[in-house]
Amino acid sequence: MATKRRKPTKSKSPLLKKITDILTKVLLWFLMVTVLWVLFYRFVNPPITLLMIQRNIERSTDDKPAKMEKKWVDFDDMSDNMKRAAVSAEDQLFLKHIGFDVKAIEKAFATNKKGKNIKGGSTISQQTAKNVFLWPGRSWVRKGFEAYFTLLIEILWSKERILEVYLNVIEMGDGIYGAEAAAQAYYGKSCTKLSRAQAALIASCFPNPRRWSPKNATPYIRHRQYLIMKNMRRLGPLDF
């Protein structure tokens with residue numbers, strides 16, 4: 001009996017193979033560059049962020065002079081009050097999670113579904129990833145990149161490094177970035193010497209530092225300061 005001939009398997013079309021090869025190379029380059037970038041910032045302090053650049057572009061559009069007040073302070077030199085105030089205000093599970101607070105995200109999602117006010121559920125790690133490696137704005141694409149960089153810094157950095165970078169680059173006022181610049185602008189002293197109340201008042205303005213200021217604290221901000229100080233007492237020592 002004659003054997004049946006097997007039909008030759010169809011190979012990928014040249015165009016599809018070319019596209020696949022290009023996408024694979026792009027993905028590998030992206031992974032290599034981003035991992036090296038995050039590793040580099042583990043040892044080198046970020047000199048500038050896209051938010052700082054955008055804010056100065058906005059100032060230029062409004063015919064205002066450029067303004068970028070910032071000064072790096074090493075983690076060990078920073079006031080323990082400032083570290084505890086930031087964790088108490090923004091991310092009380094900072095030392096326990098691996099970059100994401102699922103319950104906070106679910107709560108923020110439920111709140112946002114009910115009303116128009118957007119409530120964030122970002123951890124300190126997520127905010128650090130966003131501030132250092134990404135552009136400002138809200139989109140699912142940026143959120144995806146934010147999740148990716150959050151995982152990278154959680155894997156490649158220590159918690160001390162994440163908090164150190166966070167407290168040195170985040171926006172704390174109009175043209176004011178980092179705890180040192182904020183302490184100098186609002187209290188005329190270094191962030192190494194901030195009291196518990198002063199650190200809590202700075203942290204109470206984190207959600208919208210261009211709208212709220214420790215210099216003109218509203219009743220709402222004073223209430224936030226009270227809650228943060230209360231959380232600071234409950235938090236206990238930061239055991240990194």
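What follows is a working chat about a predicted model of one protein.

Biologist: How many helices and strands does the protein have, and what pattern do they follow along the sequence?

Modeller: In this predicted model, the protein has 10 helices and 2 strands, and read along the sequence they follow the pattern α-α-α-α-α-α-α-β-β-α-α-α.

Biologist: What about contacts between residues 24 or more positions apart?

Modeller: Taking the contacts with a separation of 6 or more, residues 24 or more positions apart account for 69% of them.

Biologist: Let's go to α1; what span should it have, and what do its end C-alpha atoms give?

Modeller: Helix α1 covers residues 14–43, which is 30 residues, so at 1.5 Å a residue it should span 44 Å, and the computed distance between its end C-alpha atoms is 44 Å, in agreement with that expectation.

Biologist: Which residues of α1 are buried, and what do they pack against?

Modeller: The buried residues of α1 are Thr 34, Val 38 and Tyr 41, and they pack against α5 (124–133), α6 (140–156) and α7 (159–169).

Biologist: Since α6 came up, where is Glu 146, and is it buried or exposed?

Modeller: Glu 146 has its place in helix α6, and with a relative accessible area of 1% it falls under the 20% cut-off, so Glu 146 counts as buried.

Biologist: What is Glu 146 in contact with?

Modeller: Leaving aside neighbours within four places in sequence, Glu 146 is in contact with Ser 122, Gln 126, Ala 129, Lys 130 and Leu 134.

Biologist: Switching topic, at what angle do α3 and α10 pack?

Modeller: Helix α3 (residues 80–90) and helix α10 (residues 219–235) pack at an angle of about 110°, with their axes 8 Å apart, and that angle makes α3 roughly perpendicular to α10, because it lies in the range from 65 to 115 degrees.

Biologist: Which residues meet there, and of what class are they?

Modeller: From α3 there are Asn 81, Arg 84, Ala 85, Val 87, Ser 88, Ala 89 and Glu 90, which meet Arg 224, Ile 228, Asn 231, Met 232, Arg 233 and Leu 235 in α10; by class, the contact of α3 with α10 has 6 nonpolar, 3 polar and 4 charged residues.

Biologist: Now α8: which of its residues are buried, and against what do they pack?

Modeller: In helix α8 (residues 179–187) the buried residues are Ala 179, Glu 180, Ala 181, Ala 182, Ala 183 and Tyr 186, and they pack against α3, α7, β1 (171–173), β2 (176–177) and α9. Gly 188 follows α8, and its phi is positive, near 65°.

Biologist: Which residue other than glycine has a positive phi, and where does it lie?

Modeller: Asp 63 has a phi near 60°, a positive value in a residue other than glycine, and it lies in the loop between α2 (50–61) and α3. Most residues other than glycine have a negative phi. With a relative accessible area of 74%, over the 50% cut-off, Asp 63 is therefore exposed.

Biologist: Last one, Asn 216: where does it lie, and is it buried or exposed?

Modeller: Asn 216 lies in the loop between α9 (196–204) and α10, and it is exposed, with a relative accessible area of 62%. Asn 216 and Tyr 186 are 30 residues apart in sequence and, C-alpha to C-alpha, 10.0 Å apart in space; Tyr 186 is one of the buried residues of α8.

Definitions and conventions: Residues are numbered from 1 along each chain as its sequence is written. This is a predicted model: local features need pLDDT of at least 70, side-chain atom pairs count only at pLDDT 80 or more; totals for chains, interfaces and linings use all residues. Side-chain values use heavy atoms; hydrogens and water are left out. Helices (H or I, at least four residues) and strands (E, at least two) are DSSP runs, numbered from the N terminus. Contact means heavy atoms within 4.5 Å. The expected span of a helix is 1.5 Å times one less than its number of residues. Buried means under 20% relative accessible area, exposed over 50%, partly exposed in between (1.4 Å probe, protein chains only). Axes are lines fitted to C-alpha atoms, for helices over the stretch in contact, and angles run from 0 to 180 degrees between N-to-C directions. Angles under 35 degrees count as roughly parallel, over 145 as roughly antiparallel, 65 to 115 as roughly perpendicular and the rest as oblique. Ala, Val, Leu, Ile, Met, Phe, Trp, Tyr, Cys and Pro count as nonpolar, Asp, Glu, Lys and Arg as charged, and the others, Gly among them, as polar.
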